[in-house]
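I opened this entry to record what I looked up, one item at a time.

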Amino acid sequence: MKKILLVCAAGMSTSLLVEKMKAHAKEIGEEIDIEALSISEASDKIAHVDIVMLGPQVRYQEKQIKEMADGRIPVTVIDMMDYGKMDGAAVLTKALATIH
């Protein structure tokens with residue numbers, strides 16, 4: 001099972017995106033665990049996920065998250081258009097392409 005961590009300012013704005021990503025994963029038969037957390041909460045989880053995806057509103061913290069990931073876990077910023085449209089399918093597709 002792949003584990004995806006979405007990071008945003010408070011961990012709340014991405015909850016709808018998480019639900020849409022989970023729905024798409026179910027449609028395509030992909031077993032996946034997706035969680036949305038704030039930056040402060042994310043530090044404890046980073047070592048246990050396959051990819052960290054940052055919400056566009058916290059892209060300025062990409063360097064800090066990459067340091068936490070220690071080069072072992074990919075860190076990407078969610079495309080602003082995909083995020084704005086809450087396009088769970090597009091975000092999940094990019095996550096899976098990055099970790100496969």
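Predicted model: local features only at pLDDT ≥ 70, side-chain atom pairs only at ≥ 80, totals over all residues.

I looked up the strand order first. The model has an open sheet of four strands, ordered β2-β1-β3-β4, with parallel pairing. β2 and β4 (75-77) are the edge strands, and each pairs on one side only. From one strand to the next, the twist averages 25°.

**Pairing.** Next I went through the bridges of β1. Strand β1 (residues 2-8) pairs with β2 in the parallel sense, over seven bridges.

I then asked which strands the helices touch. Helix α3 (residues 62-69) packs on the sheet and touches β3 and β4. Its direction makes about 160° with that of β4. α5 lies across β1, β2, β3 and β4. Against β3, α5 runs at about 140°.

**Helix α1 against α5.** I looked up how these two meet. Helix α1 (residues 15-28) and helix α5 (residues 88-99) pack at an angle of about 70°, with axes 8 Å apart. Angles of 65 to 115 degrees count as roughly perpendicular, so α1 and α5 are roughly perpendicular to each other. The crossing of α1 past α5 is right-handed. From α1, the contact is made by L17, K20, M21, H24, A25 and I28. From α5 come G88, A89, V91, L92, T93 and L96. I sorted the contact by class: eight residues are nonpolar, three polar and one charged.

**I46.** Last, I picked a loop residue. I46 lies in the loop between α2 (39-42) and β3. Is I46 buried or exposed? Its relative accessible area is 1%. Buried means under 20%, so I46 is buried. I listed its contacts, leaving out residues up to four places away in sequence: L5, V52, I65, M68, A69 and I73. I also noted P74, which is 28 residues from I46 in sequence and 10 Å away in space, C-alpha to C-alpha.

Terms used:
Residues numbered from 1 in each chain as written. Heavy atoms only, no water. Pairing = 2+ DSSP bridges. Helix = DSSP H or I, 4+ residues; strand = E, 2+ residues; numbered from the N terminus. Axes fitted to C-alpha atoms, helices over the stretch in contact; angles between N-to-C directions. Parallel < 35°, antiparallel > 145°, perpendicular 65-115°, else oblique. Left-handed = near helix turned anticlockwise from the far one by under 90°. Contact = heavy atoms within 4.5 Å. Nonpolar A, V, L, I, M, F, W, Y, C, P; charged D, E, K, R; others polar. Buried < 20%, exposed > 50% of the residue type's maximum accessible area, 1.4 Å probe, protein only.
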